[in-house]
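Please keep the sequence and the model in view while reading.

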Amino acid sequence: MLMRRLMPYQKPMMEAGKSNLGEQSAPLVAQNSVYDGLLPQLFTSMPSLNEAASYLAQTTSYLTGCFTDHTVEYSSEHSGDSLLNEQELQTFASGEYSRYWASNNISASETSTSYESSSTLASTTEIPHAGTSPITGSSSLASTSSGNGISMFQGLIERARRTVRGSADDIGWLQRDPGLPPVEDGTEKFDAILDNIRHGIHTLPNSLVYLLVPGLFSNHGPMYFVNTKMSFSKMGLACHIAKIHSEASVEKNAREIKEYIEEIYWGSNKRVMLLGHSKGGIDSAAALSLYWPELKDKVAGLAIAQSPYGGTPVASDILREGQLGDYVSLRKLMEIAICKVLKGDLQALIDLTYEKRKEFITKHELPRELPVVSFHTEAGITPTVASLSHVAHAELPLGQPTKLPVVMPLSAAMAACAQLIQVRYGEKSDGLVTRCDAEVPGSVVVRPTRKLDHAWMVYSSMKDDPSEPYAAQVCEALLTLLVEEGQRKMHKLAMEDE
């Protein structure tokens, strides 16, 4: 009975609401889910990022209405002030927004109430340029309260812009820097060398000592590089795995690698050739950049495999303000994991961010006379569930000591990360490092087409394809290419001296 009494009033009320809000606002009013926390959920789902940004852009006018009261009717003598207030309000393009609701404590009820207190809004559209502040100055504000509101709104938009952009402006900065030397494609030479190795032709000289430098968290994976070392030893080559604290800072590990090189050189009277994987490549490059005068006669070359030489969006998105670390406490969790559980230094992860890599490379470039080979891959994004990596052995006292392999689904984890990076940034990666960020300026670059994830290089897979080269052969081919590059560079320097 009550519903029938209310029905005659329902239509006039809806029509009145349409006339006040305008045609463009009506669809958004019906979408109450925007105010029920939909935006935070959308922005945590990467495939829906752009769609969520569009929703946020449409609601910008609502938020702006919170800061200036337009319910006052201006007379003709105050029309100039009214126009001024209208010009000061701006909305922005939909592509530059992200989630800021939860991080700035803006509730749905506050937003809805503030919107109802305003009636109309005149605004101009302005698209902020990437890398600059999306807020442009205007004339002085009409009141102090309005100025505080606009200032707060500008902060929200800037924070939203940073969240949406993430590491998009940083990925590939090495190729865009005109002050850094170009790279040379060595993929064809590498493929030829690898084919020879698979046919039993091995040319690595035993006049060198080969030092393998592991990456982050390698101390907790005893099988890291073990198969490669065993393969080299069977060929009669002197090969060592650097025992460094993998969760230490780059500069600390650089000092330890320097001491390793000097110890090996003085003990064998042979020059050292380094192969660093992941952060191990960064640590090795740092050692040669910082201590080159002491090491230049003791080092034959450097091979860097799947290393975030320019940085990685994974580290930056965890640690950068306004990114994942702010919304899901990921930064705190990583700090606990590295510092408390693994007894490491959070600086190890900080050193892999784009900001720190830019700062370090600007101050400490690799020596131009040093032969360098860099290698990067792309992970498949649809791994089989049964694809497991052998990371350690477990010894069980069953009458006599029994070793059982400890396996982890690293391929599945790398595939998920690679898909996330591809969806958000449109970049190919091995799961942790984008391909363009792994190319060392001035190096010979190897760009294989085979799908290999970040962990494949150092941990053997339980389902390796026997028809494909295995990790130890790839490492041997990289070092063989590095030997050839060293000979070519020495010849070139000799010709220049003449």
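Predicted model: local features only at pLDDT ≥ 70, side-chain atom pairs only at ≥ 80, totals over all residues.

The protein chain exposes about 24900 Å², and carbon and sulfur atoms supply 54% of that area.

**Confidence**

- The average pLDDT of the protein chain is 74, and 60% of the residues score at least 70.
- Residues 1–48 have a pLDDT below 50, and this stretch makes 42 contacts in the model beyond near neighbours in sequence.
- Residues 67–142 also have a pLDDT below 50, with 134 contacts in the model beyond near neighbours in sequence.

**Overall architecture**

- The protein chain contains 21 helices and 11 strands.
- Of its 498 residues, 47% count as buried.
- When contacts between residues at least 6 apart in sequence are considered, 79% of them join residues at least 24 apart.

**The parallel sheet**

- An open sheet is formed by 7 strands in the order β3-β11-β8-β7-β6-β4-β5, and the pairing is parallel.
- Its edges are β3 (184–185) and β5; each has a single partner strand, so one side of each lacks a neighbour in the sheet.
- In general, the strands of a sheet pair through backbone hydrogen bonds, in either a parallel or an antiparallel sense.

- How many residues of strand β4 (residues 208–213) are buried? The count is 6 of the 6, so the strand is largely enclosed by the rest of the structure.
- Leu 208, Tyr 210 and Leu 212 point one way from β4, while Val 209, Leu 211 and Val 213 point the other way; all of them are buried.
- With strand β6 (residues 271–277), β4 pairs in the parallel sense over 6 bridges.
- Within that pairing, Val 213 lies opposite Gly 276 of β6, and Leu 211 has Leu 274 as its bridge partner in β6.
- Strand β5 (residues 238–241) also runs parallel to β4 and is joined to it by 4 bridges.
- In this second pairing, Val 209 stands opposite Ala 238 of β5.

**Cysteines**

- Across the whole structure, a search finds 0 disulfides.

**Glu 485 in helix α21**

- Glu 485 is located in helix α21 (residues 471–497).
- Is Glu 485 buried or exposed? Its relative accessible area is 8%, so Glu 485 is buried.
- The side chain of Glu 485 forms a polar contact of 2.7 Å with the side chain of Arg 488.
- Apart from neighbours within four places in sequence, Glu 485 is in contact with Pro 371 and Val 444.

Technical notes: Residues numbered from 1 in each chain as written. Heavy atoms only, no water. Disulfide = S-S within 2.5 Å. Buried < 20%, exposed > 50% of the residue type's maximum accessible area, 1.4 Å probe, protein only. Helix = DSSP H or I, 4+ residues; strand = E, 2+ residues; numbered from the N terminus. Pairing = 2+ DSSP bridges. Contact = heavy atoms within 4.5 Å. Areas by Shrake-Rupley, 256 points an atom, 1.4 Å probe, with all protein chains shown as cover. pLDDT = per-residue confidence, 0-100. Polar contact = N/O pair within 3.5 Å; in protein donor to acceptor, adjacent residues only side chain to side chain.
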